[in-house]
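Biologist: I am new to this one. Please show me how to read it, feature by feature.

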Amino acid sequence: MIDSRDRRHLERCVDLAEETLSAGNEPFGSILVSQDGETLLEAVNEVGGGDPTRHPEFAIARWAAENLAPEQRAKAVVYTSGEHCPMCSAAHAWAGLGRIVYASSAAQLTAWQGELGAAPSPVAPLPIRDVAPGVPVDGPVDDLATRVRDLHRRSNERG
Ligand SMILES: [Zn+2]
């Protein structure tokens, strides 16, 4: 169930994805929100520098492990423009973080990559629930996913 507050956070994630695409990275943005609704951290994809593991959800999991108590992590929510990849799902679960809400799903991304003729991912596009079955998950949101699709089209055209 995605409410208006969730939606506002997801819109911010898509804005971050667009900003980091413009900075030469892949279009993914994520935020960590506390139980009280406070945004604790914003993170974006930073693979343009040459490290393909610089995903925002991975950065959030590491930041949370270093800066939040276990009970704070369990009640925090991660919002993201695109569903976590298996690496980030695992990091999220190892860090003991709570719910994930995404604007677009891994299945959608895989379909878009096929339509766009993009190179396939080197990692199997497993949904979060297959990697981290204990994590509550909500998404996608259709109109925001359409925005994310357009960002991936732009990213693919740039090559
Ligand atoms: Zn990832």
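The dialogue below moves from overall fold to one helix, the metal site and the cysteines.

Biologist: What should I know before I start?

Modeller: This is a predicted model: local features need pLDDT of at least 70, side-chain atom pairs count only at pLDDT 80 or more, and totals for chains, interfaces and linings use all residues. Residues are numbered from 1 along each chain as its sequence is written, and side-chain values use heavy atoms, with hydrogens and water left out.

Biologist: How many helices and strands does the chain have?

Modeller: Helices (H or I, at least four residues) and strands (E, at least two) are DSSP runs, numbered from the N terminus. Here there are seven helices and five strands. Their order along the sequence is α-β-β-α-α-β-α-β-α-α-β-α. The radius of gyration, taken over C-alpha atoms, is 14 Å.

Biologist: What share of the residues is buried?

Modeller: Buried means under 20% relative accessible area, exposed over 50%, partly exposed in between (1.4 Å probe, protein chains only). Of the 159 residues, 43% count as buried.

Biologist: Which residues of α2 are buried?

Modeller: They are P56, E57, F58, I60, A61 and A64. These buried residues pack against β1 (29-33), β2, α3 (70-75), β3 and α4. A contact means heavy atoms within 4.5 Å.

Biologist: Which protein atoms are donors of the zinc ion?

Modeller: Donors are N, O and S atoms within 2.8 Å of the metal (3.2 Å for Na, K and Ca); water is not among the atoms, so sites may look incomplete. The protein donors here are H55 (ND1), C85 (SG) and C88 (SG), at 2.0 to 2.3 Å from the zinc ion. H55 sits in the loop between β2 (39-44) and α2 (56-67). C85 sits in the loop between β3 (77-82) and α4 (86-95), and the two are 30 residues apart. C85 is partly exposed, at 22% relative accessibility. C88 is buried, at 0%.

Biologist: How many disulfides does the search find?

Modeller: A disulfide is a covalent bond between the sulfur atoms of two cysteines. The test is a pair of cysteine sulfur atoms within 2.5 Å. The whole structure has zero disulfides. C13 is in none; its nearest cysteine sulfur, that of C88, is 13 Å away. C13 is buried, at 0% relative accessibility.

Terms used:
The radius of gyration is taken over C-alpha atoms; the globule rule is 2.2 Å times the number of residues to the power 0.38.
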